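Hello,

Here is the structure I promised to hand over. Please look through it first; my notes follow below.

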Amino acid sequence: MKKEFKVIADLLPSNTRVLDVGCGDGSLMSLLRKEKNINVRGLELNQSNVQQCIHKGLPVIQGNAETELHQFPDQSFDYVILSQTLQAFYEPEKVLRELLRIGKSVIVSIPNFGYWKVRTKLLFFGKMPVTKTLPNTWYNTPNLHMCTIKDLFNFCDEKKINIKKVVGVNEDKISSIKKGNLEIKNLFSKLGIFLIG
Amino acid sequence: MPSLAGLFFWMNIKLENIKKLDVKKPLKLDCGKTISNFPLAYETYGKLNKNKDNAILVFHALTGDQYVTGTNPITNKEGWWITAVGPGKAIDTNKYFVICANVIGGCMGSLGPRNINPKTNQPYGLDFPVITIKDMVRAQESLLDHLGIKKLLCATGGSMGGMQLLQFCATFPDKTFSAIPIACSSSHSAQNIALNELARQAIMADPVWEKGKYVLKNVQPKNGLAVARMVGHISYLSEKGMQEKFGRKLQEKADYEFSFNADFQVESYLRHQGYAFVERFDANSVLYITRAMDYFDLSKQFKGGLIEAFKNQETKFLVISFSSDWLYTTKDNKDIVIALNASGADVSYSEIATDKGHDSFLLDEPEFLKTLKGFIDSMYEKFKNEKRI
């Protein structure tokens with residue numbers, strides 16, 4: 001099981017209603033339903049992923065989060081999850097606003113571009129970083145708006161989006177991120193998981 | 001009284017082979033008239049298990065009938081959904097008990113315009129009441145009682161079958177555990193109505209039709225009915241699919257004939273489809289059924305619109321559309337999903353990428369059939385567990 005999913009599952013109370021945007025093959029939804037009896041829904045673009053969710057008995061809607069979030073009513077979910085896809089949208093801010101409209105709270109995770117290995121690749125080799133969390137090369141990456149944990153932290157501040165909790169993940173280690181340790185955690189976390197709204 | 005079988009002579013139909021339920025309960029139709037003691041023809045496949053939790057109801061489309069799979073005993077052709085239903089198929093009849101009824105207004109044994117009007121002892125013709133999708137669905141409810149099924153595992157249908165299904169879920173919210181509306185719409189669009197009107201006008205323009213009284217003479221307005229079918233067939237294919245299948249290919253000839261015979265393959269195909277259809281379908285039934293489709297607007301039946309129609313749904317939905325379907329588009333199907341979402345229902349949706357147009361749901365489309373199977377099998381597991389608890 002991915003550490004990220006474990007962290008997300010721990011952030012969520014049982015018996016809630018959750019929408020997983022970009023739910024993939026439904027791994028996270030399965031986990032949430034099994035361990036927390038959460039009423040899950042998914043939104044997914046890829047046909048074969050959609051089919052896998054359906055085979056698992058997971059409710060999933062085939063569609064594009066960039067253009068089709070409007071179909072979900074205001075505040076219709078307790079939580080909306082967006083796992084590692086915010087940076088791939090044309091208009092991440094617009095998507096984030098939509099998530100905050102649909103969910104009472106939102107969980108957003110991002111691959112951290114501020115992670116030290118990413119920084120050194122660019123600094124010492126002068127090349128766009130290719131790492132485990134960022135496996136694509138510059139010409140075929142779906143990521144249009146890479147950001148760091150610090151960037152998203154500041155963005156929420158600026159846009160008056162309430163940050164309830166931020167968790168940094170590095171392999172099996174997780175740590176809580178606050179303003180005070182932001183610089184250091186931004187350097188040593190591969191992944192940032194934000195609970196906002 | 002003219003014998004009913006005699007009226008079918010041009011179709012060579014053996015009526016005694018048709019399973020029928022005599023529906024005793026009077027049914028007040030949307031038009032205000034009441035029918036009672038009417039025949040509802042149906043067929044079943046597979047076996048109903050002890051717990052009665054493996055029943056799947058299929059609603060058929062405009063020109064379909066109750067013979068979903070196997071060999072249709074009346075036409076001796078394959079059942080219309082043999083690609084999806086049968087032993088080992090997506091809807092596996094080794095596992096599930098599949099039921100399908102002929103719609104009222106139809107011509108495969110259920111009460112329709114070809115039946116005898118007890119008031120006149122003549123076939124109804126245009127004296128048959130105008131029916132709606134809701135009437136069709138309510139007429140089929142008694143079949144579930146008759147078969148002793150309290151709650152279906154699943155109900156499904158494509159095209160008009162999907163419309164019946166949406167109506168079924170709205171009218172009887174607790175009769176099915178899951179539902180798969182396929183390539184349908186919650187209301188007929190102007191274009192849908194226009195195409196149906198074209199079909200009806202073609203029938204009515206045939207001099208043999210005689211305001212629907214052709215039945216008395218044991219004839220059928222073949223030319224008009226064939227044109228009506230051709231219209232339908234064009235709308236079931238996509239532009240690209242048609243181009244790929246036929247292009248400008250000529251029909252068994254090297255060059256143009258400089259005549260109005262079927263020079264092009266596409267013409268020959270349409271003519272064949274048209275004339276094969278008149279052997280098995282009744283012209284007045286086309287009028288009545290297309291009318292029912294045109295009147296269909298689920299949101300109109302509920303004050304709060306479509307969202308209200310699906311309120312308090314416990315049924316788990318899977319809506320499926322086909323990317324190249326221009327008759328009931330992806331947008332039409334997505335509107336259903338949006339309404340289901342807004343009403344808080346449990347809904348899945350998949351758009352199958354294909355060039356085959358509206359007809360896709362009847363064809364061997366692997367992605368579609370896999371999705372269908374995955375959903376039904378997973379629903380069966382859930383339904384069994386729920387019943388156990």
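**Two positive phi values**

B:K52 sits in the loop between β4 (38-45) and β5 (55-59) of chain B. Helices (H or I, at least four residues) and strands (E, at least two) are DSSP runs, numbered from the N terminus. B:K52 is not a glycine, yet its phi is positive, about 55 degrees. It counts as partly exposed, because it has 16 C-beta neighbours inside 10 Å. The cut-offs: buried means 20 or more other C-beta atoms within 10 Å of the residue's own, exposed means 12 or fewer, and partly exposed is in between, with C-beta atoms placed from the backbone.

This is a predicted model, in which local features need pLDDT of at least 70 and side-chain atom pairs count only at pLDDT 80 or more, while totals for chains, interfaces and linings use all residues. Residues are numbered from 1 along each chain as its sequence is written, and chains are lettered from A and ligands numbered from 1 in the order in which they are written.

A:K160, a residue other than glycine, has a positive phi near 60 degrees. Its loop runs between α7 (149-158) and β6 (163-170) of chain A. A:K160 is exposed, because 6 other C-beta atoms lie within 10 Å. For context, most residues other than glycine have a negative phi.

**A buried valine**

A:V60 belongs to strand β3 (residues 60-62) of chain A. Is A:V60 buried or exposed? It is buried, because 28 other C-beta atoms lie within 10 Å. A:V50 is 10 residues away from A:V60 in sequence and 6.5 Å away in space, C-alpha to C-alpha. Leaving out residues up to four places away in sequence, A:V60 touches A:C23, A:G26, A:G42, A:E44, A:V50, A:C53, A:I54 and B:S348. Contact here means C-beta atoms, placed from the backbone, within 7 Å.

**Where chain A meets chain B**

The contact takes 14 residues from chain A and 21 residues from chain B. On the chain B side, α9 (330-342), β14 (346-352) and α10 each supply at least two residues. α10(B) gives the most, with 9 residues. The chain B side divides into 9 nonpolar, 6 polar and 6 charged residues. Ala, Val, Leu, Ile, Met, Phe, Trp, Tyr, Cys and Pro count as nonpolar, Asp, Glu, Lys and Arg as charged, and the others, Gly among them, as polar.

One helix pair spans the two chains. Helix α3 (residues 47-55) of chain A and helix α10 (residues 366-388) of chain B have axes that come within 7 Å and cross at roughly 25 degrees. That makes α3(A) roughly parallel to α10(B). The classes: under 35 degrees is roughly parallel, over 145 roughly antiparallel, 65 to 115 roughly perpendicular, and the rest oblique. Axes are lines fitted to C-alpha atoms, for helices over the stretch in contact, and angles run from 0 to 180 degrees between N-to-C directions. α3(A) brings A:Q47, A:Q51, A:I54 and A:H55 to this contact, and α10(B) brings B:E367, B:K370, B:T371, B:G374, B:F375 and B:S378. These residues divide into 2 nonpolar, 6 polar and 2 charged.

**Helix pairs within a chain**

In chain A, helix α1 (residues 3-11) and helix α2 (residues 27-36) pack at an angle of about 40 degrees, with their axes 10 Å apart. α1(A) and α2(A) are therefore oblique to each other. Their crossing is right-handed. A crossing is left-handed if the near helix is turned anticlockwise from the far one by less than a right angle, and right-handed if clockwise. A:F5, A:I8 and A:A9 of α1(A) meet residues of α2(A) including A:L28, A:L31 and A:L32.

In chain B, the axes of helix α4 (residues 222-236) and helix α6 (residues 265-277) come within 8 Å and cross at roughly 125 degrees. α4(B) and α6(B) are therefore oblique too. α4(B) passes α6(B) in a right-handed crossing. Among the residues in contact are B:L225 and B:M230 of α4(B), and B:L270 and B:F277 of α6(B). The contact divides into 7 nonpolar, 3 polar and 1 charged.

Best wishes

Definitions and conventions. Contact = placed C-beta atoms within 7 Å.
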